[in-house]
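Biologist: I'd like to learn how to read a protein model. Can you walk me through one?

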Amino acid sequence: MSATSLTAQDIEFLRRPLHGFLSVAAGPLPPQPRPVWFEATDEGAIQLFTGPDTLKVRRLRRDPRASIVVAAPVGERERWVSVAGRTTVEPDGGRDLCARLFARYWDLADPARAEELAGMLTEDWVRVVIHPQTVHRFLN
């Protein structure tokens, strides 16, 4: 099934602490998917945080196309959502997103994890926002 926006069911699925596999356009090079933490927004976009000078940001500034695929874990019925679209690199909100995602993916009651988050929050982060143009999904 293909669409141009996320459904309420997609957003519910994407709000689980699952890894997404992000691919960015790389010109003549084949995409190199990377696992990422991400957040589905109420507006139906997908966002993640990264350093402002990372390779993915440099590539997205040249060509803003990206996609992310998120799948249910082993042991569950097959289900996945794939979102492709143009991205924006937003200078604001990166630290807040970093904190939300750490709390979603890790137990911050663990002092080592909380200390790692505190260190991360001293760094500069940008938000990469994928604005869906094509959404594919499979629900089994």
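Biologist: Which residues does the UniProt annotation "domain: Pyridoxamine 5'-phosphate oxidase N-terminal" cover?

Modeller: That annotation, from an unreviewed entry, covers residues 12-105. UniProt positions here follow the numbering used here, feature names are shortened, and annotations may be inferred rather than shown by experiment. Before we go on: this is a predicted model, where local features need pLDDT of at least 70, side-chain atom pairs count only at pLDDT 80 or more, and totals for chains, interfaces and linings use all residues. Residues are numbered from 1 along each chain as its sequence is written, and side-chain values use heavy atoms, with hydrogens and water left out.

Biologist: How much of residues 12-105 is helix and how much is strand?

Modeller: Helices (H or I, at least four residues) and strands (E, at least two) are DSSP runs, numbered from the N terminus. Residues 12-105 are 24% helix and 36% strand, and their end C-alpha atoms lie 16 Å apart.

Biologist: And pairing? How many bridges join strand E6 to strand E7?

Modeller: Two strands pair if DSSP finds at least two bridges between them. Here, E6 (residues 65-71) and E7 (residues 79-90) run antiparallel, joined by seven bridges. Within that pairing, Val 69 has Ser 82 as its partner in E7, while Arg 65 has Arg 86.

Biologist: Which strand does E7 join through twelve bridges?

Modeller: That's E8 (residues 126-139), again antiparallel to E7. For one spot to look at, find Val 89, which stands opposite Val 128 in E8.

Biologist: Now pockets. What lines the largest pocket?

Modeller: On a 1 Å grid over the protein atoms alone, a pocket is an open set of points where a 1.4 Å probe fits, with protein on both sides within 12 Å along at least five of seven lines; lining residues have an atom within 4 Å of a point. The lining of the largest pocket includes Leu 22, Pro 30, Arg 34 and Lys 56. Strand E2 (20-24) and helix H2 (55-62) are the elements that give two or more residues to this lining.

Biologist: What is the volume of the largest pocket?

Modeller: About 200 Å³, where grid points are joined across faces, edges and corners, and a volume is the space filled by probe spheres set on the points. The second largest pocket holds about 160 Å³, and E5 gives the most to its lining, with three residues.
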